[in-house]
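Hello,

Here is the structure you asked for. Please open it first, then read my notes below it.

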Amino acid sequence: MQRNILLIIVLLAIGGFFYFDAGQYLSLDFFNSQKQAISEYQQAHPLFVALVYFVIYVAVTAFSLPGAAVMTLVGGALFGLGWGLLIVSFASTIGASLAFLIARGLLRDWVQQRFASHLTAINQGVEKEGEFYLFTLRLVPVFPFFVINLAMALTPIRLWPFYWVSQIGMLAGTAVYVNAGTQLAQLDSLSGILSPALLGSFVLLGLFPWIAKLIVAVVKRRKIWSDYKKAGFKKPRQFDNNLLVIGAGAGGLVSSYIAATVKAKVTLIEKHKMGGDCLNTGCVPSKAIIRSSRINHYLQRATDYGLKNVSGEVDFPAVMARVEKIIATIEPHDSVERYTELGVHCVQGEAKIVSPWEVEVNGETLSARNIVVATGGRPAVPDIPGIESCDYLTSDTIWNIRELPKRLVVVGGGPIGCELAQALVRLGSEVTMVVRSQLIPKEDADVAEQVIRQFQQDGIRVLEQSAIVELQQGDECKTVVVSINSSDEIRIDCDQVLLAIGRQANTEHIGLESVGVACNDNGTVAVDQHLRTRCPTIYACGDVAGPYQFTHVASHQAWYAAVNALFGSFKKFKVDYSVIPWVTFSDPEVARVGLSEKEAKAKEIAYEVTKYGIDDLDRAIADSEAHGFVKVLTVPGKDKILGVTIVGYHASELIAEYILAMRHGLGLNKIMGTIHIYPTLSEANKYAAGEWKKAHKPEGLLRWVEKFHTWRR
């Protein structure tokens with residue numbers, strides 16, 4: 001309602017301006033012809049004339065009407081340089097602020113919703129340095145001020161910063177026009193005010209903040225080097241390596257591989273096992289045990305397939321032996337031997353950064369022009385009363401057990417907790433999950449409901465909105481005291497407790513503090529858009545840097561870290577997080593890329609939802625896996641994909657088509673127009689696109705087509 005009223009006011013103001021040809025009164029010719037009469041009236045009523053002038057100026061700029069430049073000249077002619085500059089400066093800024101508010105009220109929400117995906121980077125830049133950008137634009141009168149008012153209104157910049165930056169930034173240009181107005185009789189047109197030389201001066205003035213910013217960056221960098229020098233750090237005259245990489249997980253392996261590929265001399269340092277968490281305690285072993293548990297689950301479901309139920313007691317030691325065998329089979333991919341053949345110098349030992357260019361390992365000091373920190377993360381351990389006396393498990397230590405816990409409490413409802421809870425219940429454990437909020441909290445409620453339904457069928461007891469109050473270690477079992485909904489407390493006896501509440505970055509004992517490298521509040525290393533830390537020679541990637549703690553993101557970041565470290569003096573690359581997919585490997589699997597409904601609402605991004613139930617898919621029915629759905633978020637009225645969530649059998653494979661589509665800007669029409677093999681699970685993607693198309697069919701045209709066919713009969 002308010003927007004409609006505002007629109008009517010704006011339309012009336014602009015319409016009245018042109019209908020009554022008010023523009024003729026805001027021309028140099030009109031003022032010069034009436035100058036004598038206006039001056040005489042001003043002498044008799046100086047304050048009234050100033051007030052009327054002020055109001056008219058504010059109105060002209062507020063409604064972005066033509067004539068502001070002439071009004072500025074008139075201000076100089078009527079009030080002189082001093083008073084004219086004062087009046088015009090405030091009138092123009094107040095008018096600009098009103099124009100800003102009008103444009104924001106009428107257009108911002110619509111523009112932000114319609115072009116949300118394109119404006120993300122702009123919004124982030126404005127939130128970070130919006131005042132700086134605005135100041136630069138205000139200094140250069142080549143950019144029409146009314147265009148700046150409208151454009152900035154569409155961004156997240158707040159009104160007060162917009163006002164005071166405009167007040168200061170427009171002062172120089174306003175002064176030129178007001179001063180020119182004092183000689184108004186000698187001007188034939190506005191083009192006589194801004195000569196090429198003056199325009200060039202303004203351009204240089206506009207470039208000054210950028211130049212100043214560059215100078216400040218150089219000064220800061222010099223200060224950093226000066227501080228290092230004062231601290232006793234001495235830059236080596238020559239380096240042993242082009243790049244030193246600390247940590248041989250996904251990020252470290254890829255960084256060192258890239259460096260070796262471009263013929264740089266690189267040393268990779270790992271204190272534990274090559275392959276890091278992913279190979280040894282994360283992705284590989286978890287998928288191996290999930291597969292074993294799923295096979296056992298299939299045996300239990302044998303009657304669903306018309307077979308005799310052949311399930312029996314699980315040989316858990318054999319299951320864990322299989323996990324070890326799979327790790328050993330994949331291990332050569334990440335081995336010292338392989339990376340040595342690729343040209344990487346591998347060192348086993350604990351690394352410590354001792355200078356911006358040097359790392360100490362095994363009593364030896366190695367130097368490099370740049371260092372990449374890829375030390376990964378470890379399971380987070382909460383501060384729970386009694387935990388110090390409790391022999392708990394984490395996603396790192398669970399692989400050491402050889403006896404299946406009969407009763408298991410899993411703390412945490414994220415991907416790690418879900419995957420291991422379901423795997424162990426299907427192998428024979430009695431599992432209870434203690435979940436602080438919602439199961440798989442980053443996903444939508446309908447996703448969590450689908451997973452909980454299967455968990456309950458598997459026999460998992462899921463306690464949402466709950467928290468552990470205390471852990472008690474008894475002689476024969478452990479007791480977990482749980483608070484539900486912050487009120488009721490229950491006691492759960494169990495044989496083991498698995499902590500799966502997330503991961504924390506490994507930043508301790510590697511010397512980051514000695515070179516002034518800071519960490520974020522969540523414990524990850526603070527890096528810029530190029531993955532560089534405060535120390536210009538040190539970069540970080542993977543779990544230690546965040547913000548996404550996935551193996552595939554670590555590998556993705558590693559390219560940017562390595563390339564920027566090696567070639568950053570020529571060209572830097574900003575890390576691209578625009579299309580990040582992830583999967584929870586539960587059953588059903590939960591795969592997502594882009595926005596969820598929860599995120600879209602939080603960011604106030606308009607969207608449409610298209611949902612296709614996999615229970616209708618022929619291949620899923622044939623495989624007795626007819627459950628789950630494909631949910632696609634699109635721009636309202638368009639087939640542009642904002643995000644996709646797939647819940648179901650092999651969702652981790654099905655999502656790949658949507659990842660490709662989003663990465664390369666392909667819409668649902670392209671997916672629908674692609675032939676998918678029958679009968680396959682991938683047809684679900686095409687049918688989801690078909691559901692969108694049905695919802696957007698041209699009803700009006702189809703009515704005419706129906707009449708055409710009726711006529712043809």
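Start with a definition: rings of Phe, Tyr and Trp (its six-membered ring) pair if their centres lie within 6.5 Å; planes under 30 degrees apart count as stacked, over 60 as edge-to-face and the rest as tilted. By that rule, ring pairs link Tyr-548, Phe-550, Tyr-577 and Trp-582 into a cluster.

Two notes on the source. This is a predicted model, where local features need pLDDT of at least 70 and side-chain atom pairs count only at pLDDT 80 or more, while totals for chains, interfaces and linings use all residues. Residues are numbered from 1 along each chain as its sequence is written, and side-chain values use heavy atoms, with hydrogens and water left out.

**Overall**

The protein has 23 helices and 21 strands. Helices (H or I, at least four residues) and strands (E, at least two) are DSSP runs, numbered from the N terminus. Of the 713 residues, 47% are buried. Buried means under 20% relative accessible area, exposed over 50%, and partly exposed in between (1.4 Å probe, protein chains only). Contact means heavy atoms within 4.5 Å. Among contacts with a separation of 6 or more, 67% are between residues 24 or more positions apart.

**Rings**

How many aromatic pairs does a search of the whole structure find? It finds twelve. Take Tyr-228 and Phe-233: their ring centres are 5.7 Å apart and their planes are at 70°, so this pair is edge-to-face. Both Tyr-228 and Phe-233 are buried.

Charges meet rings too. A charge sits over a ring if NZ of Lys or CZ of Arg is within 6 Å of the ring centre and within 35 degrees of the ring normal. The charged end of Lys-571 sits over the ring of Phe-573, 5.6 Å from its centre. Lys-707 has its charged end over the ring of Trp-704, 4.7 Å from the centre.

**Glu-589**

Look at strand β18 (residues 589-594), where Glu-589 lies.

The side chain of Glu-589 does make a polar contact of 2.8 Å with that of Ser-652. A polar contact is a pair of N or O atoms within 3.5 Å; within protein, one must be able to donate a hydrogen and the other to accept it, and residues adjacent in sequence count only if both atoms are side-chain atoms. Leaving aside neighbours within four places in sequence, Glu-589 is in contact with several residues, including Thr-584, Ile-646 and His-650.

**Backbone**

The peptide bond from Asp-587 to Pro-588 is cis, with omega near 10°. Pro-588 lies in the loop between β17 (581-584) and β18. Another cis bond runs from Tyr-678 to Pro-679, with omega near -10°.

Now for positive phi in residues other than glycine. Ile-440 has phi near 50°. Ile-440 counts as buried because its relative accessibility is 3%. Glu-604 has a phi of about 60°. Buried or exposed: which is Glu-604? Glu-604 is exposed, because its relative accessible area is 64%.

Best wishes
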